[in-house]
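Here is a short report on one protein chain. Take a look at the sequence and the structure before reading on.

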Amino acid sequence: MDQIQKIKTMIQPVLQQQKCSLYDLKWVQDGKMRILQVSVMYPDGSMDIDTCAAISEGISSLLDESDVITHEYFLEVCSPGAERELRNEQEIKDAVGEYVFVKLKDPKAGMDCVKGTLLDVNEEGLTIEYMAKAVRKKIVIDPQNVALIRLSVKI
């Protein structure tokens, strides 16, 4: 088991205690500084600073007691953000009803990207309702044509 997997396993009780899930765990290099970045969220995708602080304290204690990390590092516990990437089919299905940004591999209907409400995800593809010159339109996108999909903030 590699280091990241060991850490993921070790921190699960802390996350469960706070009723959160792990979105991502990775090492980030910032100059000479190594940062262990832990992105967490509630089941509804939200997060608050008090919970991040509590999780940070719990994880920090666990890591200090173990020998999993032998070098100096900073621990950063954060939210994945309001515009987080949807990385797999389940995350995409969970985002039905949300406003999303989709970057296409091959343009469709003259567009290389679409911003709109994700209406449905099924075997036909992703159905998105978007606005084009004050007219509501729908587009069905083949999942194989999706280069990137993330939540988006509607302005």
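A residue counts as buried when its relative accessible area is under 20%. In this predicted model, buried residues make up 35% of the 155 residues in the protein chain.

Now for the fold. The protein chain has three helices and eight strands. Along the sequence they follow the pattern α-β-β-α-β-α-β-β-β-β-β.

What about overall dimensions? The radius of gyration of the protein chain is 19 Å, while a compact globule of 155 residues would have one near 15 Å. Along the principal axes, the C-alpha atoms fill a box of roughly 60 × 30 × 30 Å.

Next come contacts and surface. Take the contacts in the protein chain with a separation of 6 or more: 52% of them join residues 24 or more positions apart. The protein chain exposes about 9600 Å². Carbon and sulfur atoms supply 48% of that area.

Finally, zoom in on one residue. S39 sits in strand β2, which spans residues 33-41. Is S39 buried or exposed? S39 has a relative accessible area of 7%, so S39 is buried; the cut-off is under 20%. Which residues does S39 touch, leaving aside neighbours within four places in sequence? S39 is in contact with S21, L22, Y23 and D24, and also with C78 and P80.

Key: Residues numbered from 1 in each chain as written. Predicted model: local features only at pLDDT ≥ 70, side-chain atom pairs only at ≥ 80, totals over all residues. Heavy atoms only, no water. Helix = DSSP H or I, 4+ residues; strand = E, 2+ residues; numbered from the N terminus. Rg over C-alpha atoms; globule rule 2.2 N^0.38 Å. Buried < 20%, exposed > 50% of the residue type's maximum accessible area, 1.4 Å probe, protein only. Contact = heavy atoms within 4.5 Å. Areas by Shrake-Rupley, 256 points an atom, 1.4 Å probe, with all protein chains shown as cover.
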